[in-house]
Amino acid sequence: MNLNLTLIGQAIAFAIFVWFCMKYVWPPVTEAMRARQKKIADGLDAASRASRDLELAQEKASQTLRESKEQAAQIIEQANKRANQIIEEAKDQAREEGERLITAAKAEIDQEVNRAKEQLRAQVALLAVRGAEQILEASIDEKAHSELVNKLAAEL
Amino acid sequence: MAGTNPTASEYIQHHLQNLTLGFHPENGLSFAHGAKEAQEMGFWAIHVDTLGWSVLLGCIFLYIFNKAAKSVTTGVPNGLQNFVEILVEFVDKSVKETFHGRSSLIAPLSLTIFCWIFLMNLMDLVPVDWLPMLASSLGIEYMKVVPTTDVNATLGMSISVFVLIIYYSIKVKGVKGFAAELTLHPFNSKWMIPFNFLLEGVGLLAKPISLALRLFGNLYAGELIFILIAILPFWIQWALSVPWAIFHILVITLQAFIFMMLTIVYLSMACEDH
């Protein structure tokens, strides 16, 4: 075996072949590898982001729950307070109404009493006139004496 | 070739001659000088170049994958790990699609077969004269750098696969089941046993032989064409050599894949119970 130009010929061919590989074979391969790497990186990123999001969401949810519980307690307290207030007001109103009714009834009673007194007076005056008539056994002019009797009755 | 310019046929023969170490009837334990002496050594001789290159390439494969496995991360893979992961995923997917049994051997075996054969085939793309010339300048007369162009290498691998086929057949079906498969198929009759055995025996033996010869034939032919191109005047070689090399990127990958895929298929057939 001796060295000759075949070596150079093969070197040329090999150089062209290597150039071809660099230009057309290697890029798709490295591109595929890079794409895979990126996909994995993205996937891992997304996973860690998702877990962080989940953590945040859980925290937020528990905070919201706590807040709403507080709010609910506050509302219940307010409602209780308000209910008490309403009851107190109703009691006051009822008391006032009762007192008003009592006074009205009292006033009516007084009125009735007065009316009865008036009637009694009128009747007493009549009775008195009748009595006097009978006593005097004479006809007395009712009109002339009624004023007198009325005066008498008013003194009763 | 003592300093004279070789003729074309001498050149080709020289390139197709392995570096054979064996026990010659006249010269004793020595390297063969030419095909005739190598033949006279008979069966008990070894192709040192085939063994050396295949072992070296196997070690390169193991070194690269071991290096990737040692620095493996669960996060974003770096370049080497990414590359190895792609290969492993690819092989694992092929195995899962074809082999439905459970075996911890099949996937690593397939990965090794694929990568190793690919690397051995890859030597085909190195210019045919470079390494032999380097060797001859170091005093080594013959140097065939593509192990898969040596039928000993491909048969060696396919016989290993054949042994696995037999092993799994017997392991899954039992000796009786395996014998029944060989003798009671395709005609289930007592009288047809010899005929069945002949048919099935040929079918079984064809597996490793076709596996070996397919790989050997493809690569041998490819190498031969590279050698033929190398005989042309040096200024025109690139015009044929480059397209053939580019085409060979496909061939070497495809042959490695076919060898792997057929290994998986044969082993899955061996593991299937009828």
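## The largest cavity

Fourteen residues line the largest cavity in this predicted model, and those nearest its centre are Ala13(A), Pro127(B), Val128(B), Phe226(B) and Ser241(B). Two or more lining residues come from each of α1 (5-136) of chain A and α8 (193-231) and α9 (237-271) of chain B. The top contributor is α1(A), with 4 residues. The space inside comes to about 140 Å³, and the structure has 3 cavities of 30 Å³ or more.

A cavity here is a set of points on a 1 Å grid over the protein atoms alone where a 1.4 Å probe fits but cannot get out, and lining residues have an atom within 4 Å of a point. Helices (H or I, at least four residues) and strands (E, at least two) are DSSP runs numbered from the N terminus.

## Chain B at a glance

Chain B has 9 helices and 3 strands, in the order α-β-β-α-β-α-α-α-α-α-α-α from the N terminus. Its C-alpha trace spans about 65 × 60 × 35 Å along the principal axes.

Of the 274 residues in chain B, 43% are buried (under 20% relative accessible area, 1.4 Å probe, protein chains only). Among contacts (heavy atoms within 4.5 Å) with a separation of 6 or more in chain B, 68% join residues 24 or more positions apart.

## How to read the model

Residues are numbered from 1 along each chain as its sequence is written, with chains lettered from A and ligands numbered from 1 in the order written. Since this is a predicted model, local features need pLDDT of at least 70 and side-chain atom pairs count only at pLDDT 80 or more, while totals for chains, interfaces and linings use all residues; side-chain values use heavy atoms, leaving out hydrogens and water.

Notes. Buried < 20%, exposed > 50% of the residue type's maximum accessible area, 1.4 Å probe, protein only. 1 Å grid on protein atoms, 1.4 Å probe; cavity = no way out; pocket = protein on both sides within 12 Å on 5 of 7 lines; lining within 4 Å. Points joined across faces, edges and corners; volume = space filled by probe spheres on them.
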